[in-house]
Amino acid sequence: MKPSVVAIEPNGYFCSDCAVRGSAVCSSLDAAELREFEHLGRHVHFTAGETVFSEEDITTSFYNVLDGVMRLYKLLPDGRRQIVGFALPGDFLGMNISGRHNFSADAIGAVTVCQFAKVPFGRFIEDRPQLLRRINELAIRELSQARDHMVLLGRRSADEKVATFLLGWRQRLLALRGSLDTVPLPMSRQDIADYLGLTIETVSRTFTKLERHGAIEIIYGGIRLLDPARVEALAAA
């Protein structure tokens, strides 16, 4: 984690042109509401490793991811890091009950977010039940992902954990981009290990094992799924 020296882009963009609008929190707004919504947000750019927000900080803003991938994590009392998720374009971050962030968020590579100040955003949604419903849908999805992650951290072998992660990550990318010849993995092997509750050595050995068995091909920056059925069988074990 390194301190943020971010680039803030002045307003002048149009929500109607947003590439992730269909999957973002604002997807439920009509044209007139979008024009008003445009004045609430600002584009903020982060470089690799910069902190977007930190655990236990008071929540002053919400964030809609527009581009890039973010790692979401908690620091354990003994100093170890537990990654709780990876945020992709369209994900909405910062909503919580306590008024403080319950995890930290760093940029894995270059990241652009649409940042909304908490108070005006709260006023905007008060009389827009369709936006509240959309926020509720995103919260339910986040809870479902958290439950799946809890199961993944349970009594599963390293092979099963890695296979489940690769399929789940591929599915999320497919929802964003359509068909994929390769599965980009912008996160490091250490990130994957901290997400799965494994050591980096175990993750690396498991990738090599899957490649040796013809299930995947390891390429620069990602993998190719050569035998999806084999990977799916491992994940379903």
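Across the interface of domain 1 and domain 2, the rule picks out 4 salt bridges, a salt bridge being a side-chain nitrogen of Lys or Arg within 4 Å of a carboxyl oxygen of Asp or Glu. S6 and H3 each bring at least two residues to the side of domain 1 that touches domain 2; helices (H or I, at least four residues) and strands (E, at least two) are DSSP runs numbered from the N terminus. With 7 residues, S6 makes up the largest share of that side. Sorted by class, the side of domain 1 that touches domain 2 holds 8 nonpolar, 5 polar and 3 charged residues, where Ala, Val, Leu, Ile, Met, Phe, Trp, Tyr, Cys and Pro count as nonpolar, Asp, Glu, Lys and Arg as charged, and the others, Gly among them, as polar.

The model is a predicted one, in which local features need pLDDT of at least 70 and side-chain atom pairs count only at pLDDT 80 or more, while totals for chains, interfaces and linings use all residues. Residues are numbered from 1 along each chain as its sequence is written, and side-chain values use heavy atoms, leaving out hydrogens and water.

As for the domains themselves, domain 1 spans 15-149 and domain 2 spans 156-236, with bounds from an automatic or database domain assignment. Their centres, taken over C-alpha atoms, lie 26 Å apart. Contact (heavy atoms within 4.5 Å) links 16 residues of domain 1 with 11 residues of domain 2. The two domains bury about 1200 Å² between them, 59% of it on carbon and sulfur atoms; this is the accessible area (1.4 Å probe) lost on putting the two parts together, summed over both. On the domain 1 side, Arg81, Phe86 and Leu88 lose the most area to domain 2, together 47% of what that side buries.

Arg81 also pairs up with Asp194 in a salt bridge, their closest N and O atoms being 2.7 Å apart. Buried here means under 20% relative accessible area (1.4 Å probe, protein chains only), with exposed over 50% and partly exposed in between. Helix H5 (residues 189-196) is largely enclosed by the rest of the structure, because 6 of its 8 residues are buried.
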